[in-house]
Amino acid sequence: MTIIKMEWTKLLKKKNTKVLIGLYGVILLVMSGLYIFGEKSFGLSIYTESQFMKATLSTMMGFILPFIALYLSSTKIIGEFSHHTIKNLMLLPIEKSKIFIGKLVSVQGLLGGLLLMQFIFSLILGLFLDGGFSLGILFSLFGDYLGAFVILGLINLSGALLAMVFNSGGLTIFIGYILYIGMNFISMYSATFKAISLTTIVSNYSSLFSGASLTLLLSVLAYYIILYIVGSQLFEKKEVQSCQSE
Amino acid sequence: MTILSVKHLTKSYSDTSGIFDLSFDIEENDITLLLGPNGAGKTTAFNSILGLTQSDYETISVNNIGIEDRSVFLDIGAMISKPSFYDYLTGYEHLNLLSSYYNVSKDQVNHMFSLVGLEKAKDNKISTYSSGMKQKLDLARAIIHGPKLLILDEPFNGMDIEAKVEMKKILKEIQNKHHTGMIISSHMVGDVESFANKVIIIYEGRTLFNGSMSEINNSGLTVEEFYLEKLAVYKKKVA
């Protein structure tokens, strides 16, 4: 727990994180503003409030949240190595594997925080505009957000893994998106690949906790196990760049 | 009592770079000077001992417990070459954060700042610290838990004479209080020879001398002369 608290504190103290949370809030506000403006000024009824909540999540999951997950996990892992601050942690009485977990959990915590912020924000908006939701809709919405949280965990792990391979946050995001496009492309030609592709899993976040197929659930579990094992092994072997001239 | 035991440590980058078959022991109250020019392998030796880089060795143990057991780091304090800091934190936040693995109170954290003379700067962002102040902060981090073993890699880098004297005083105090064994690397002969009781001279990763300061004193040579003599013998042998 100490390492998670430590990583969490560092993450929140960073200026970039504060800017990111602020930007995310602004995007939410703009989206909601457009919705209210369209609803009230022009009498448009494109979405019901619950659909709006799903739609905002879908929009965010389409690009913004995966990008944030990749950015956070890659910089959290590789940033410490490139700035050599990882030495501070490696001198503590703690296993490297726990440092890796601490970093992943802190990033996942922040992603969860962003999702929660969005959930509460949309919920309040819905309550004001629509007067409330039925319990069934609320559970369904919660399932969507929980599914998104789990799927973002996979992107978080993937980002950490790619960052350790490519040693760069920027390159990780670039390669991440190339892989994303590549997997989508192959999925167009191979149904078998499509069934287990990470891109399929990401796009199916909303059905993860509501009528998901066994294949999807097993695929998510398998990805978690594989990515974690490979990631932790890479982290274990990763050395602090020592200056050979000393 | 042996605090640190290193046996047959090797980390090779090339024939003349790295560290080759280094063995030594540090006892309680020992202050060992690891002396060698830039590129001799001092940092490589420390990084290998601390597990920051992978190396081959027969034994690296602290208080008879292998370095693979992370609990030994409760007894180790280390200042590594070119220390890095969380620049976006204040000095206090940095030290408080990194001491959270030790049973250290907030009073102790505050005490460390007065001990190293950073009391007034503790609430300033580390990005505003000078290199000497950063060295002091790193020393505070290394000693906050009262370690039994201190590994200090070029601790006087970037320090003016006054700060060096202060730091030596602090190190002496720690030694007296906790019977701490220390190994201090330097490429400058004058830095710690006055209070070191053991000397290891390395060059191109090879150990040229591993003995007591009294051996050097008995030779009738100064540390500087002794060092140059060992170097000349090695170079002649290699040539």
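Me: Two residues are in contact if their C-beta atoms, placed from the backbone, lie within 7 Å. In this predicted model, with which residues is A:Leu104 in contact, leaving aside its neighbours within four places in sequence?

Reply: A:Leu104 belongs to helix α5 of chain A, residues 96–130. Its C-alpha atom is separated by 20 Å from that of A:Val19, 85 residues apart along the chain. Once the neighbours within four places in sequence are set aside, the contacts of A:Leu104 are A:Asn156, A:Leu157 and A:Ala160.

Me: Is A:Leu104 buried or exposed?

Reply: A residue needs 20 or more other C-beta atoms within 10 Å of its own to count as buried. Around A:Leu104 there are 25 such atoms within 10 Å, and therefore A:Leu104 is buried.

Me: How do the residues of the contact of α6(A) with α10(A) divide by class?

Reply: From α6(A), the contributors include A:Val150, A:Leu154, A:Ser158 and A:Met164. From α10(A), they include A:Tyr223, A:Leu227, A:Gly231 and A:Phe235. By class, the residues of this contact are 14 nonpolar, 2 polar and no charged.

Me: Which helix supplies the largest share of the side of chain B that touches chain A?

Reply: In the contact between the chains, 30 residues of chain B meet 25 residues of chain A. Helices α1 (42–49) and α2 (91–98) of chain B each provide at least two residues of that side of chain B. The side comprises 14 nonpolar, 13 polar and 3 charged residues. Its largest share, 4 residues, comes from α1(B).

Me: Which residues of α2(B) are buried?

Reply: Helix α2(B) is largely enclosed by the rest of the structure, because 6 of its 8 residues are buried. The cover over these residues includes α1 (2–13) and α4 (86–90) of chain A, together with α3 (106–115) and α4 of chain B. The buried residues of α2(B) are B:Gly91, B:Tyr92, B:His94, B:Leu95, B:Leu97 and B:Leu98.

Me: Which are the edge strands of the open sheet of 6 strands in chain B?

Reply: The strand order of this open sheet is β6-β7-β8-β3-β9-β10 (chain B), with mixed pairing. Direction ignored, neighbouring strands are turned by 10 degrees against each other on average. An edge strand pairs on one side only, and the two that do are β6 (76–79) and β10 (206–212) of chain B.

Me: In β8(B), which residue is the bridge partner of B:Ile31?

Reply: Strand β3(B) pairs with β8(B), residues 181–186, in the parallel sense. The pairing extends over 5 bridges. In β8(B), the partner of B:Ile31 is B:Met182.

Me: Which residue takes a positive phi in the hairpin of β9(B) and β10(B)?

Reply: Strands β9(B) and β10(B) run antiparallel and are joined by 6 bridges. Within this pair, B:Val199 stands opposite B:Gly211. The hairpin has 2 residues between the strands, and the residue with a positive phi, near 50 degrees, is B:Glu204.

Me: At about what angle to β10(B) does helix α7 of chain B run?

Reply: One helix, α4(B), residues 131–143, lies across β6 and β7 (149–153) of chain B and runs at about 165 degrees to β6(B). Helix α7(B), residues 223–238, lies across β3, β9 (198–203) and β10 of chain B.

Me: What is the phi of B:Asn63 near?

Reply: B:Asn63 lies in the loop between β4 (59–62) and β5 (65–66) of chain B. With 14 other C-beta atoms within 10 Å, B:Asn63 is partly exposed. This residue other than glycine has a positive phi, near 50 degrees.

Terms used. Residues are numbered from 1 along each chain as its sequence is written. Chains are lettered from A and ligands numbered from 1 in the order in which they are written. This is a predicted model: local features need pLDDT of at least 70, side-chain atom pairs count only at pLDDT 80 or more; totals for chains, interfaces and linings use all residues. Ala, Val, Leu, Ile, Met, Phe, Trp, Tyr, Cys and Pro count as nonpolar, Asp, Glu, Lys and Arg as charged, and the others, Gly among them, as polar. A residue is buried if 20 or more other C-beta atoms lie within 10 Å of its own, exposed if 12 or fewer, and partly exposed in between; C-beta atoms are placed from the backbone. Two strands pair if DSSP finds at least two bridges between them. Axes are lines fitted to C-alpha atoms, for helices over the stretch in contact, and angles run from 0 to 180 degrees between N-to-C directions.
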